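Take a look at the structure below. Keep the sequence at hand while reading.

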Amino acid sequence: MDVPTLSPSSSKPAEAPKDSPRSIPVHRWPDRLFFGLVAALGLSVIGLAAAIVAILVYGSRYSFQAFGFSFLWGTVWSPTSTPPIFGVVPFVVGTVVTSAIALLIAFPLALGSAIFLTTNAPRWLRGPAGTAVELLAAIPSVIYGLWGIYIVHPYMATTVEPALKRYLGFTGLFDGTPLGIDVFTASVVLAIMIVPTICAISRDTLAAVPQSQKEAALSLGATDWETTRVAMIPYARSGIIGGTMLGLGRALGETMAVTMLIGNIDKVPTSLLSQGQTIASLIANELLNNNGPLQESAVLEAGLILLVIALLVNVVARLLVWRVLSVGGGGAVE
Amino acid sequence: MTFDRYARRKLLSHSIAVLTGLCVLAVLYPLASIVYEAFLQGGGVLFQAGSLTSVQPPPCSTLSCKTVGIGPAVQGTLIVVGLAAGISVPVGVLAAIFASEYRARGLGRAISFTADVLTGVPSILMGAFIYGYFVLYDPQIALSFYTGALALSALMIPIVVRTTEEALRVVPNSVREAAMALGISKWKATLRIVLVASLPGVATGVLLAVMRAAGEAAPLLFTLGYSTLWLQGLDHPGANLPLLIFLGALSGYPNLVKLAWGATLFLLILILIVNVISRFAIHRMRVRMGGA
């Protein structure tokens, strides 16, 4: 490497040594260019998030001008009436109900599986069984939908739903004809889809519980289950809750399987056996096929509401999971 | 008496162990059922002469119907996912480099947090926002490979950013210090030493993002649209596997339903292969980095 100060052709010989190591001036502009490039692309990730919000807000302007905040509590969605009326309540109810039932079914199964995979399973089984659960997460939504229509739906219509109707019919939750294409079937398939998310994160946080924590419980004479209950679950609690909320986030926005199974009717569902519509299935059905810009705008506004709900759930979930997995626990201290 | 109580506690513990095992079986039953049905109903379609070289048959309901023809859908999916990867891989990898290799105060953390939250945005909204933009800007190409690729890359970028970041973090700092000690400039050290060292991890992330995109139907509904034909041009709507499954399933025509199962089997086999490859790559990287 040349020493710049000795070179007669160098125009500013005195300045070079001021700048720290010799080789740096030679590379300075490519380094700056590279920094500029990666900084711009790094910021573009934040820009992407901003663009999603901005375009959905802008797209929903007609609907907002026409209905204002009554869009939020309107229970009627009627594109064909004159004038058309749009209220988002049927879809918010559909989304919340399907996600809540899915969570009720998925949580015990996922937590049970996570406990099995970290404590009860023989060691040789843990890897393969864990991989299989993760494979469930990799299956596309539309495949669950196809499977739901041709395998789950007939079984629901002929066996599960009539039984539920007979034994739990008094609650009024199962009024109506068991068709198999309804809120309940959509929720069950949704539950199957979110189990891997909840299970994988619960398993990781349970596995991150320090050995000493378990040994302390075992040394006091606790059985395996007591160790899990007293020493592990409290320690991993925020991770398990975070994982569950990530599962909830996935359920709220899941589109294809729900669209194929829920019946797609723009009304507030009256029971678990009635047809309905979630915000995601509304977008899938009506963003492209609509009766004009006002309906398109109303669909985009519903999308904005879905975005807000999903973001809230996700941010809380990430904060919980980050705290456990990056700080290395601390759930037990609280 | 104390023994009695201990036995009861032991019994509870064992029954819960059995119960959790049953949970795993219940969770894995759908996986087995989906794979079984895909082979049963789609095997004949996929492993038939001409299944990948002919177009989708017209709907028909007699027993002698044609069921071959996922060719255009495979082609369309390859093209749209390829385009999306062409956008999202450079953007995602370089954004991750900024977030993890430059200590830009809180900005790096803000970017990884944003990417993390973006992975939780429902995929259908990625399509809705691209659609919303192009309908305003240029409705002519609202349904085309371009908008489809943009929607899928919006979905892929956050995944690529997060996995690349994690892969970069596994590279020991001594590697960076060694590069600095040799006087290599930062950009060269980053691209040719640190990034190369983390390549298995980055490749895994890209593969997972690609697989996720290949199976996504929701954002394509109003960006790529659907067609039954071979590629008509990048500014035209195009065939793709996920929407073939969706529309085939809803059509109710036996031959199109069969075709949907064939496409399902094709996607499942791809997913299985990619998962095996990525597991292998992660394992090799862990070994190479000394279990870091």
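This is a predicted model: local features need pLDDT of at least 70, side-chain atom pairs count only at pLDDT 80 or more; totals for chains, interfaces and linings use all residues.

Chain A has an average pLDDT of 87, and 89% of its residues score at least 70. Residues 1–26 of chain A have a pLDDT below 50. Beyond near neighbours in sequence, that stretch has 15 contacts in the model. Residues 328–334 of chain A also stay under 50. The model gives them 11 contacts beyond four places in sequence.

Now the fold. Chain A contains 12 helices and 2 strands. Along the sequence the order is α-α-α-β-β-α-α-α-α-α-α-α-α-α. Chain A has 334 residues, of which 47% count as buried. Take the contacts in chain A with a separation of 6 or more: 74% of them join residues 24 or more positions apart.

Next, one helix pair. Helix α7 of chain A covers residues 183–207, and helix α9 of chain A covers residues 224–253. Their axes lie 8 Å apart, at an angle of about 150°. Angles over 145 degrees count as roughly antiparallel, so α7(A) and α9(A) are roughly antiparallel to each other. The crossing of α7(A) past α9(A) is right-handed. From α7(A), the contact includes A:Leu190, A:Ile194, A:Ile198 and A:Ile201. From α9(A), the contributors include A:Gly239, A:Gly242, A:Gly243 and A:Gly247, along with A:Arg250. By class, the residues of this contact are 10 nonpolar, 8 polar and 1 charged.

Two backbone details deserve a stop. Most residues other than glycine have a negative phi, and most peptide bonds are trans. The peptide bond from A:Thr82 to A:Pro83 is cis, with omega near -10°. A:Pro83 sits in the loop between β1 (77–78) and β2 (85–86) of chain A. A:Asn264 has a positive phi, near 55°. Its place is the loop between α10 (256–261) and α11 (279–286) of chain A. Is A:Asn264 buried or partly exposed? A residue needs 20 or more C-beta neighbours within 10 Å to be buried. A:Asn264 has 19 inside 10 Å, so A:Asn264 counts as partly exposed.

Last comes the partner chain. The contact draws 72 residues from chain A and 68 residues from chain B. On the side of chain A that touches chain B, helix α1 (residues 23–59) of chain A gives the most, with 21 residues. That side of chain A has 52 nonpolar, 16 polar and 4 charged residues.

Terms used
Residues are numbered from 1 along each chain as its sequence is written. Chains are lettered from A and ligands numbered from 1 in the order in which they are written. Two residues are in contact if their C-beta atoms, placed from the backbone, lie within 7 Å. Helices (H or I, at least four residues) and strands (E, at least two) are DSSP runs, numbered from the N terminus. Ala, Val, Leu, Ile, Met, Phe, Trp, Tyr, Cys and Pro count as nonpolar, Asp, Glu, Lys and Arg as charged, and the others, Gly among them, as polar. pLDDT is the predictor's confidence in each residue, from 0 to 100. Axes are lines fitted to C-alpha atoms, for helices over the stretch in contact, and angles run from 0 to 180 degrees between N-to-C directions. Angles under 35 degrees count as roughly parallel, over 145 as roughly antiparallel, 65 to 115 as roughly perpendicular and the rest as oblique. A crossing is left-handed if the near helix is turned anticlockwise from the far one by less than a right angle, and right-handed if clockwise. A residue is buried if 20 or more other C-beta atoms lie within 10 Å of its own, exposed if 12 or fewer, and partly exposed in between; C-beta atoms are placed from the backbone.
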